[in-house]
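Please read these notes with the structure open beside them. They go through the points one at a time.

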Amino acid sequence: MAIDVIMPKVDMDQETGTVARWLKQNGEEVRQGETILEIETDKVAIEVESPASGILNGILVEEGETVPIATTIAYILEPGEALPDAAPAAEERKTDQKVPVRQTDWEVSVTPVARNMAQATGLDINTVSGSGRDGKVTKKDVEAALASPQPFGNGEGKVYATPAARRIAAEKGLVLKSITGSGPDGRVQSVDVLAYAAAAQEVARTTIVPVPEFVSAPSSGYEVFPLQGMRRTIAERLTASYQSIPHINFSASIDMTRFNEARAKLNARADQNGSTRISATALLAKIVARILTRHPWLNSSFKDAQGEQGAAIHLFNAVNLGIAVALEEGLIVPVVRDAANKSVAQIAAEFKDLATRAREGNLAPSEVREGTFTISNLGPFGVEEFTAIINPPQAAILAVGATKPKVVPDADGQVVVRPIMRITLAADHRVVDGAVAAHFIADLKATLEEPVLLL
Amino acid sequence: MREITYLEAVREAMTQEMERDETVFMIGEDIGPYGGAFGASFGMLEQFGPERILDTPITELGLTGAATGAALVGMRPIAEIMFMDFTTLASEQLVNQAAKLRFMFGGKATVPMVLRTPAGSGTGAAEHHSQSLENWFVHVPGLKVVMPSTPYDVKGLLVASIRDNNAVVFVEQKLLYKTKGPVPEELYEIPLGKADVKREGKDLTIVATSIMVPRSLEAAKQLSEEGIDVEVVDPRTLRPLDEETIVQSVIKTGRVLIVHEAVKTGGFGGELAGVIAESEAFGYLDAPIVRLAGKDIPIPYNRTLEYHAVPQVEDIVAKARDMVQMKV
């Protein structure tokens, strides 16, 4: 039977790969494990081994072409065996070489059988490229993904690693799941963990820019406000954050029509029940928390350490959502714990209570600790768009602007007026790559624009 | 230093201890005029006379019982069982009496005896004369089990065994009898329960016993030509076991291959694997613990089959290489 050669996934966040060079040509005999081509991702160039022994044939992807991961790029045939029917000739294929690259898992469509298969086998459907119409993921795609070498054993989502690798990863605070194993059947060896740690260390080296001295003051005099208490804390934390964390910002416009509708319905119900009304912030918090569970790198913390040992990225299991509350003397960020698993009504009630007590100065220290992500909503003040500084040791903060009626083109290109909100994500670039943040923003935008997707 | 054989080291240890201590004597089958099945006591009858070199009828149970009784009343007997296979016959006295008496008398009685016996295959002596049954005795509290691999270790460990106040099963290896090595002429003791790192290395630990020590050393030499740096640890005493030396070696290398001649199932390798897995070394293991041992069959008479029934140098080389190259 023909064995597919597929575009492998060699990077954590790799979507596509480019065939750099075929080292074997159609009709050449190859052995299993022999290098048959070189591919490039946006990070690395790497050699690809033949998945089987036989005759290489039906090369589908020419040198220089980019295709999604897990795409069949050639076949290994037995001597005398014909190419499978499904294999289009390279010429034919070239005409539609623009394979749509999926941007978010909201845009991916999956056939029911493919979804069931993926669930049954513990395969992350988001890592599978669709070959069906409009990039729909089909049974065939899931089969291809399952046939491709799995980086980590098959212990139902458990990581296949040696005890030494586990110990070293634990000591360095590394997530074993992120590390590709080089041992038999992809077992993570100690050498893999050490290499990963060394690479992470390299990425983590940041340059700290000295702060210029405050040289002179205006001659008109000034009022002295001693730097103490909350002011000092804010000053120190934000200075440290801005100096040590390489911030990157991502903005998007959100059509809030459906969000507002959803909130109106929830509030109609709340009014009926006499329960807490759902503030826009509360509904936003609920949606952000849920989306964060799908984007763990945004819900994380960069742990710097003295020397070479111990630096790591901690991906948190729960979303403890900090929501900034403006006070007369500054601001404070109470934390709604495990927000992803709370109902919007719970979040609304909890946040209302926290905000009220924050303004009264009655928050317990534990209520402002252990946040994993922060939302700062300046919309109520009329601010349309702003950037925020990350609240360390978190890795990201979402700055939310006011929702304003804006003239925008609709899906048919007609000019319409829609409630538009601008959001800007600031993320720690040591942890969050551009594409990772973009996926989060796209996912968040899709859900805010169609909150029913949360179901 | 002068070199003598493993067999000569056995004889020298016994002779020097008998010269030093009147309570030491030998008892066994054909140990007198014949000098023992392998010649261990050759010439000793002439030196010490028939009262201290006691030839017995063919009765392993009887001679082991006699040794146990003599030890109880203050002698230090060395019983020789011609082949380890025949320790099955001596087991009642050894396991149920010699091993228990000290405990049953609350420490007031001791059984300072040594039961020497040659184990192992490779001589074409087939099913009844080739077994390695050491682990049966390792399983018995009250017995010590010693398994030397070099002439130097033989002398020091046998002297320590004779002087020990417990029943010691001293397991020799037939093919090793003719191997030579440096041995001091004077008396010395190697403490029981002290392992020896026979070769230092960083990539893989081989824990080997008896004849598998020289085979592992030869394998290590061949592997070093491929750039694989093997450490060879010889426990020397199986009970009490020097866990610390083994564990430290595994912590250093992260990989351990256990090699012994006895059949794999129920063999000492399982015990070693358990000790390692339970220890601090667990968190340093970068490969499964692997055992290379005798096949689960009686030793065949056919020389080719016999050869392949137990680990050979090439088997050790292949397995160690696979482990270091992360194929295991």
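**Notes on the two-chain model**

1. Strand S6, helix H7 (residues 151-163) and strand S7 of chain B form a β-α-β unit that is right-handed; that term applies if, with the strands pointing away from the viewer, the path from the first strand over the helix to the second runs clockwise. Helices (H or I, at least four residues) and strands (E, at least two) are DSSP runs, numbered from the N terminus. This is a predicted model, in which local features need pLDDT of at least 70 and side-chain atom pairs count only at pLDDT 80 or more, while totals for chains, interfaces and linings use all residues. Residues are numbered from 1 along each chain as its sequence is written, and chains are lettered from A and ligands numbered from 1 in the order in which they are written.

2. Strand S7(B) covers residues 167-173, and seven of its seven residues are buried. A residue is buried if 20 or more other C-beta atoms lie within 10 Å of its own, exposed if 12 or fewer, and partly exposed in between, with C-beta atoms placed from the backbone. B:Ala167, B:Val169, B:Val171 and B:Gln173 point one way from the strand, and B:Val168, B:Phe170 and B:Glu172 point the other way.

3. What does S7(B) pair with? Strand S5 (residues 114-119) of chain B runs parallel to S7(B) and is joined to it by six bridges; two strands pair if DSSP finds at least two bridges between them. B:Arg116 has B:Phe170 as its bridge partner in S7(B). Strand S6(B), residues 143-146, also runs parallel to S7(B), with four bridges, and B:Leu143 stands opposite B:Ala167.

4. Chain B also holds an open sheet of five strands with mixed pairing, in the order S9-S11-S10-S13-S14. Strands S9 (196-199) and S14 (290-294) of chain B are at the edges with a single partner strand each, so one side of each has no neighbour in the sheet. Axes are lines fitted to C-alpha atoms, for helices over the stretch in contact, and angles run from 0 to 180 degrees between N-to-C directions.

5. Strand S13(B) has eight of its eight residues buried, so it is largely enclosed by the rest of the structure. S10(B) pairs with S13(B) in the parallel sense over four bridges, and B:Thr205 stands opposite B:Val256. S13(B), residues 256-263, pairs with S14(B) in the parallel sense, again over four bridges. In that pair B:Leu257 is opposite B:Val290. From S13(B) the chain passes through helix H10 (residues 268-278) of chain B to S14(B), a right-handed β-α-β crossover.

6. Overall, chain B has twelve helices and 14 strands. Of its 328 residues, 51% are buried.

7. Chain A contributes an open, antiparallel sheet of four strands in the order S5-S4-S2-S7. Its edge strands are S5 (45-49) and S7 (66-68) of chain A, each pairing on one side only. Neighbouring strands here are turned by 40 degrees against each other on average, direction ignored. Strand S2 (residues 16-22) of chain A pairs with S7(A) over three bridges, and A:Thr18 stands opposite A:Thr66.

8. The largest nonpolar core has 169 residues; such a core is a set of buried Ala, Val, Leu, Ile, Met, Phe, Trp, Tyr and Cys residues joined through C-beta atoms within 7 Å. Helix H8 (residues 280-293) of chain A supplies its largest share, nine residues. Among the residues with the most contacts inside this core are A:Val288 and B:Leu115. Leaving aside its neighbours within four places in sequence, A:Val288 is in contact with A:Leu321, A:Ile375, A:Leu398 and A:Leu444; contact requires C-beta atoms, placed from the backbone, to lie within 7 Å.

9. How many residues of chain A are in contact with chain B? Ten residues of chain A contact ten residues of chain B. Helix H4 (residues 163-172) of chain A gives the largest share of chain A's side, four residues. By class, that side has four nonpolar, five polar and one charged residues. Ala, Val, Leu, Ile, Met, Phe, Trp, Tyr, Cys and Pro count as nonpolar, Asp, Glu, Lys and Arg as charged, and the others, Gly among them, as polar.

How values were computed:
Contact = placed C-beta atoms within 7 Å.
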